[in-house]
Amino acid sequence: MSDRQKQPGNRVAVDVGGTFTDIVMLQNETQYSAKVLTSAEAPERAVIAGISDVLQQAQLQFSDIDSLILGTTLATNALIERKGARTALITTAGFRDLVEIGQEDRFAQYDVFLQKPRPLVERHWRFTVEERIDAQGQVRIPLNEAQVHALAKEIAAQGIESIAIGFLQSFVNPEHELRTAQILHELLPEVTLSLSSDICPEIREYERLSTVSANAYVQPLVAGYLRRLQQQLSQHGLRVPPFLMTSGGGITTLDNGISEPVRLVESGPAGGAILASNIAQQLDLKKVLSFDMGGTTAKICFIDNFQPQISRSFEFGRVHRHLKGSGLPIRIPVIDLVEIGAGGGSIARIDNLGRLQVGPDSAGSAPGPVSYNLGGEWVTITDANAQLGLLDPASFAGGKVDLNVDLAQHALAAQVGEPLKLQPDDAALAVTEIIAENMANAARVHASESGKTVDNYTLVAFGGAAPLHAARLATKLGIDRVIIPHAAGVGSALGFLWAPVSYQAVRSFYQRLDNLDFNAVNALLDALSDQARQVVQQADRQAPINVQRSVYLRYAGQGHEVPIDLEGDTLNAQQLAALHQRFTLTYQQLYGRSLDHVAVEAISWTVTASTPVSVVTPHSALSTLPDVAPQRELYSFLQQQRIQVPVQQRVELTNVTDGPLLVVDAETTTWVDEQFSVQRTAAGHLLLQRLSSVGAQHEQ
């Protein structure tokens, strides 16, 4: 049994967010946690400071850490804010505008002012080379190496830091990409190289070029950060290599994160989805809506039968918040969630039409909300919550941030209250209501796109800000039950500790099921299995490895595929018949019909290797918080006035208690409004139940 299976010793997880860096350490089953403001200019500083904090709580040293897992928003923020490296794209002659042409469609058909997302690589940095490989992998036009040598001089003169290489059909035959990379590495050894045949070896050239461009765009930034962090951790005495959380919900090595940083883009939200999945399993909840709200963004994910939805692609940097196609695509394994600019630091302002808008831009950690008193000038959700009385200025963020409510009140009055003719309390309430409706609308849209009915789900809310807004969001969505997990304030970081070491390898290989080449398919699956196993074994050489294989199928002529699991170690005629039947049933469930007269095509094949992980429910090292006032005055949405509300510490909550009530713990505060009751489960989770549904259950 491997170390990760037994999960002994001191395990640390770090979630670097846009506003706060969350740290959790498990010493066997005892939990220590900390929150520190993220240092945007040098994120490693906050990581070191946060780890030092939890080690001090446990009276340990860096050398006592047995495993360290890191999730970071660095790649995400670089993509969204367009703060990556000076990047060039080299592609097949005649195709440099593919990243701008995209799918040749309009995501909003009748919007005459439609704006398409701008490619990461500007046109003057997109270069072409004469070469051509056909769909069968045969070389039609040899690579013009003289052009590659000439390009190297031009790229050097432009001061390019990173190069994406993506030729047509390279997913079938990567020969030309490999040779181009070899030449450029010899001539430009300081420039990082990303090959589409490594990063995204799949059909659909637009998505493939967009993905490899994104990888190249963030690679120098992420690589520099990870190497600096590793060096500083070693200097502090860390004796084990750090691991990284990926967007697909698995853990990978530092080297793999440096070479494929695009897989880290949604690493933080992935940890939250894993946490919610394990909470669902603990409480036997078949349908869970994960709600993760931190300082910068809010993330929503549907979890059915204890498993989050996994997708092969997602969009970033959408021009229009909820419109598919308005962002740039990335094809990597990713937990399927929707993310909006709705965090504690999201900025509220009055637009040109006199309407109140909240987000998606954020004040971040520097200067942060006005109430942080660090120079922030723009009103945020945190300022609104402070004005409403939902936050304790003395204990916010574990006492590391001393909130100035007076500053928040003056800013709310000037920026929101006066333009809308509202008192500060009503102005603050307007801000929180707008953001609650934005989050509810995002959940409704995501549910509609996924064919789900949201009101029969249980809301699992975590992150520093989610417990304050969970009851209101549940009311808007018609949800009757809310779970606030143990350690909700650092939930995503805790989820990292429950993730397996895993890697998914994928390659497009077209086959028709009625004429399938079994030898070629099995050889491909074996090669993908070896690739995935090797990555996993770099992180854990002793653990048993689970291998899951799947294929993406469609009816001939269709444009999109359906993933279907493969059974057994090899594919044969008998398994092929069963595979065809599973595809038919799945297609019927998705679309209400099947096309039995149409041939079925296999497009892409994937293999996921992962290690098993046992889940340990931790308990907090601290029992009670000092100096918690028994009551607090706050502004009630339902009563439209200020009221005195009892304050209860989570660890002291023993009975079912009706709202209104504030439940506090070290990392966050839970607001239980007048429509809900709350109780603490045996595992330390808070269960909020709508009072009408509680009464109905009692009558039964």
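**Figure 1. Ser 550 is buried in this predicted model.** Ser 550 sits in strand E26, which covers residues 546-555. Its relative accessibility is 11%, so Ser 550 counts as buried under the 20% cut-off. The Ser 550 side chain makes a polar contact with the side chain of Thr 606, at 2.5 Å.

**Figure 2. The largest nonpolar core holds 135 residues.** Leu 289, Phe 291 and Trp 605 touch the most other members of this core. Helix H13, residues 424-450, gives the most to the core, with 11 residues. A second core is separate and has 79 residues. Val 16, Ala 58, Val 148 and Ile 163 are among the members of that second core.

**Figure 3. Val 445 lies in helix H13.** Val 338 is 107 residues away from Val 445 along the chain. In the model, the C-alpha atoms of Val 445 and Val 338 are separated by 9.3 Å.

**Figure 4. Helix H16 spans residues 518-539.** H16 has 22 residues. From first C-alpha to last, H16 reaches 32 Å, close to the 32 Å expected at 1.5 Å a residue. At the N-terminal end, Asp 517 caps the helix. A side-chain oxygen of Asp 517 lies 3.3 Å from the backbone nitrogen of Asn 519.

**Figure 5. H16 has a buried face.** The buried residues of H16 are Val 521, Asn 522, Leu 524, Leu 525, Leu 528, Ser 529, Ala 532, Val 535, Val 536 and Ala 539. Seen down the helix axis, these buried residues fall within an arc of 155°, so they line one face of H16. Asn 519 and Gln 534 are exposed on the other side of the helix.

**Figure 6. pLDDT is below 50 over residues 1-7 and under 50 over residues 694-700.** The chain averages a pLDDT of 88. A score of at least 70 is reached by 94% of the residues. Residues 1-7 have 21 contacts in the model beyond near neighbours in sequence. For residues 694-700, the model has 3 contacts beyond four places in sequence. Where pLDDT is low, the predicted coordinates should not be read in detail.

How values were computed
Residues are numbered from 1 along each chain as its sequence is written. This is a predicted model: local features need pLDDT of at least 70, side-chain atom pairs count only at pLDDT 80 or more; totals for chains, interfaces and linings use all residues. Side-chain values use heavy atoms; hydrogens and water are left out. Helices (H or I, at least four residues) and strands (E, at least two) are DSSP runs, numbered from the N terminus. The expected span of a helix is 1.5 Å times one less than its number of residues. Buried means under 20% relative accessible area, exposed over 50%, partly exposed in between (1.4 Å probe, protein chains only). The arc is that of the directions from the helix axis to the C-beta atoms. A polar contact is a pair of N or O atoms within 3.5 Å; within protein, one must be able to donate a hydrogen and the other to accept it, and residues adjacent in sequence count only if both atoms are side-chain atoms. A nonpolar core is a set of buried Ala, Val, Leu, Ile, Met, Phe, Trp, Tyr and Cys residues joined through side-chain atoms within 4.5 Å. pLDDT is the predictor's confidence in each residue, from 0 to 100. Contact means heavy atoms within 4.5 Å.
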